[in-house]
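Subject: A structure for you to look through

Dear colleague,

Please find the structure below, and keep it open while you read. My notes on what was found in it follow directly after.

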Amino acid sequence: MPTLSKRFSEICESPTMALNSTLARLKREGKDVVALGAGEPDFDTPAHIKAAAVAAIEAGFTKYTPAEGAMELREAVCRWMAEELQVQYKPRQVIITCGAKHAVYQGVLAVCDPGDEVILPAPYWVSYPEMIKLAGAKMVTVNPQPDRQLKITAEQLAAAITPRTRLLILNSPSNPSGAVYSRSELDRLVKVIHQAGLYVLSDEIYDKIVFDDAEFVSLAAYPEIREQLLLVNGVSKSFAMTGWRIGWIVGPEIVADAIKSYMSHSTSNPTSISQKAALQALNGDKSFIAEMHKAFSERRDYVQKRLNAMPGVRCFPPQGAFYAFPDISFYFGKQYKGQAIKTSMELCAFLLEHFGVAVVPGSAFGMEGHIRLSFATSLAVLEKALDRIEAGLLALE
Ligand SMILES: Cc1ncc(COP(=O)(O)O)c(C=O)c1O
């Protein structure tokens, strides 16, 4: 009987797949289900960006580009970083990838050998652990103190470092917690990163979605770790372009060159047409970002207010991204029709089956006791979903 490689047989499908199949069944049965699971803006891609893609097709820009992406797009990324982050990078250091997910994966593969340790603060985005596994590396999670808005401290980072530590993955604003590291928190983390000589992969895909007085600070602001820094970003979230699959990784030339070679033998270039669309996103009118931000901001206020008004639920105000990550552990041990709820997975299955609302269990993000709600959907849908969550929680005794 032919078997799979060890590498592939160890990969887990997303832990939310079981819930997805219940969701699909309920929909097939014609049940009214509201889903707050999506990790993508509900807005359409702006018209001028779509038009650039149509123009690219009509102009015949439909062939291979260099594996690392078209020069004009890599130059645009450098310009954008100079404007937004006041840092200078050369196009040679920029690799255009098939979405930010692909960029993170390339970064992990480029710097990690089997047996290396990768530090991952919890809660974390679901794909990081699998990417670390694919590289043969070992994930070392760091759990934040509960009162620190689910952020880790420099002391915790220092304590997790061993001679085998190769990489830290940092994601601010965070999926799933919405936490944003402040400048002073980053100052302290960077000291440890610098001293230890680790690589740090900073996934900054939610940089444009930051609320209230929270400030997005890129790790690019720290010249002392420049040679250790792999920056990941893309157009998926900021420009509502999830389906176009354009992201990038920016880093030291040695890393960028290696990723370029790898891409030349694996995916080759990301879609030429999408590259033209991304170029338009970076070079064109960006008023869309502010419009989308205003909508997210209203929704965030609403979701947070509703969640914190529910008995036993505690939710830090998300400072960025479009997720709320409330602590619902108060309900563990309570029952519905004689059936006890013991985990976030069971709570999500219960809410979906009996109250028609889909949210994601915290365990999928390495943090039990929480659920994740995406507010990348309309206020009307959010109201309906939160009514159902509230009714479901109140039905537990
Ligand atoms: C933290 C984080 N990084 C990366 C990605 C992937 O982005 P892309 O769609 O550009 O691959 C996501 C998408 O959900 C994300 O939440």
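Helices (H or I, at least four residues) and strands (E, at least two) are DSSP runs, numbered from the N terminus, and the expected span of a helix is 1.5 Å times one less than its number of residues. Residues are numbered from 1 along each chain as its sequence is written. Please bear in mind that this is a predicted model, in which local features need pLDDT of at least 70 and side-chain atom pairs count only at pLDDT 80 or more, while totals for chains, interfaces and linings use all residues.

I begin with helix α8. This helix covers residues 183-196, and its 14 residues should span 20 Å at 1.5 Å a residue, which agrees with the 20 Å between its end C-alpha atoms. A residue is called buried if 20 or more other C-beta atoms lie within 10 Å of its own, exposed if 12 or fewer do, and partly exposed in between, with C-beta atoms placed from the backbone. By that rule, Leu186, Leu189 and Ile193 are buried in α8. They cover an arc of only 70° around the axis (taken from the directions from the helix axis to the C-beta atoms), which puts them on the same side of α8. An α-helix has 3.6 residues a turn, so residues three or four places apart point the same way. Ser184 and Gln195, which are exposed, sit on the face of α8 turned away from its buried side. Among the elements that cover the buried residues of α8 are α7, β5 (165-171) and β6 (199-203), where contact requires that the C-beta atoms of two residues, placed from the backbone, lie within 7 Å. Just after α8, Gly197 has a positive phi of about 70°.

Helix α7 (residues 154-160) contains Ala154, which counts as partly exposed because it has 16 C-beta neighbours inside 10 Å. Apart from neighbours within four places in sequence, Ala154 is in contact with Arg188, Leu189, Lys191 and Val192. Ala154 also lies 7.7 Å from Glu185, C-alpha to C-alpha, although 31 residues separate the two in sequence.

Some backbone details deserve a careful look. The peptide bond from Ala122 to Pro123 is cis, with omega near -5°, and Pro123 is found in the loop between β3 (117-121) and α6 (127-134). The bond from Asn175 to Pro176 is cis as well, with omega near 25°, and Pro176 belongs to the loop between β5 and α8. Ala240 has a positive phi of about 50° although it is not a glycine, and it counts as buried because 22 C-beta neighbours lie inside 10 Å.

Finally, there are the domains, whose bounds come from an automatic or database domain assignment. The chain is divided into domain 1 (6-44 + 288-394) and domain 2 (47-283), and their C-alpha centres lie 26 Å apart. In all, 32 residues of domain 1 are in contact with 31 residues of domain 2. On the side of domain 1 that touches domain 2, α11 gives the most, with seven residues.

With best wishes
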